[in-house]
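Let's take a walk through a protein together, one stop at a time. Have the sequence and the 3D view ready, and turn the model as you read.

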Amino acid sequence: MIDFRSDTVTQPSPEMRHAMAQALVGDDVYGDDPTVNALEAFACDKLCFEAALFTSSGTQANLLALMSHCERGEEYICGQQAHNYKYEAGGAAVLGSIQPQPIDNAADGSLPLGAIEAAIKADDFHFARTRLVSLENTIGGKVLSLDYQAQVAALCQARGLKLHLDGARVFNAAVALGVDIKLIAKHYDSMSVCLSKGLGAPIGSLLMGDSAFIAKARRLRKMLGGGMRQAGIIAAAAHIALDKMPERLHFDHDNAQLLAERLRAIPALEVTTTPTNILYARCRRDRAQELKAFLQNRGILINAGAPIRFVTHLGITSQDVETLAAAIADFYRCH
Ligand SMILES: *Cc1c(COP(=O)(O)O)cnc(C)c1O
């Protein structure tokens, strides 16, 4: 099957599988796993943070960040579209007693500075204490500019708030901006990164921050059942993902542009691109379910939303893009 549903469907490379088979391992809850320790040290170096923590998922990394920055009855400001508000089952509220304060994302995915400012609560016992702002980059494939991130960081500093980045796809943002990842990372007190999306690891995310923050997150990870034993087996693949895979993400971005070009030739579709590996197409008449079934019969998987979201990744070649575009053109010819 050619799978455009998500970059989470990527398969580990032969090099990753080999590294997993050969990995030196120990009990990571004791701090004894040399492969996990090497991954965390490598991440600190690559992203310029004091400390890092290997987690089972991006959801866990974000939850640990929110629970480490905020105590019960405190709040974080985030976007209505933020993954760590909308798509993580309300974990911060359920497990951390932390109140989200969502605000509308602008069309470019950013949180307008004035809206952040207006959402910060005064020190008054009627209110939850505002502790944190959480941004997401990329967000729905859109990229936040370096200038914008610097402005939010300055605002947080001025108002005594911490700043977290949900950087599940932050390497896609760095590639689209053409900058070293450190130039994004430097604006944040903490950051999560998914290794199991476009970077191709089978499992795992990282949370980074200063040493005291990561020590707190490590304790919470244990509490949440995320302390893993011989985790080097998966950290070995994650290390290759972090080291070698960012440099190939531009292929995925190029394939998304190629797909956009092809789909724009189909009048029944309204195409919206992003600078990264995600694009959207709205069916002018709602035929997404029919289209999905038609494509599945031809060995192609899509998510039929409104709009349809197509994601390119290391399992997708430019030939696969041509195959998809031709199949969609066929669908609209005969329907
Ligand atoms: C996928 C994703 C996550 C969560 O990662 P999981 O590993 O699926 O839990 C968090 N934030 C964003 C922006 C994501 O895209």
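We begin at F42, which touches H239, L242 and D243, leaving aside residues up to four places away in sequence; contact here means heavy atoms within 4.5 Å. F42 has its place in helix 2 (residues 34-47). Helices (H or I, at least four residues) and strands (E, at least two) are DSSP runs, numbered from the N terminus. F42 and G315 are 273 residues apart in sequence, and their C-alpha atoms are 26 Å apart in space.

A word about what you are looking at: this is a predicted model, in which local features need pLDDT of at least 70 and side-chain atom pairs count only at pLDDT 80 or more, while totals for chains, interfaces and linings use all residues. Residues are numbered from 1 along each chain as its sequence is written, and side-chain values use heavy atoms, with hydrogens and water left out.

Next, find two helices that meet. Two packed helices are described by the angle between their axes and the distance between the axes. The axes of helix 3 (residues 58-69) and helix 10 (residues 211-223) come within 9 Å and cross at roughly 120°; axes are lines fitted to C-alpha atoms, for helices over the stretch in contact, and angles run from 0 to 180 degrees between N-to-C directions. Helix 3 contributes Q60, L64, A65, M67, S68 and H69 to the contact, and helix 10 contributes F213, K216, A217, L220 and R221.

Now move to the ligand. Which residues surround the ligand? They are S57, G58, T59, N62, H83, E88, E136, D166, A168, R169, C194 and K197, each with a heavy atom within 4 Å of it. Some come with polar contacts, meaning pairs of N or O atoms within 3.5 Å; within protein, one must be able to donate a hydrogen and the other to accept it, and residues adjacent in sequence count only if both atoms are side-chain atoms. A polar side-chain atom of T59 lies 2.6 Å from a ligand oxygen atom. For R169, the distance from a side-chain N or O atom to an oxygen atom of the ligand is 3.2 Å, and for K197 it is 2.5 Å.

Finally, look at the backbone. Most residues other than glycine have a negative phi, and most peptide bonds are trans. The bond from N137 to T138 is cis, with omega near 5°, and T138 sits in the loop between strand 5 (129-136) and helix 7 (146-159). The bond from A306 to P307 is also cis, with omega near 5°.
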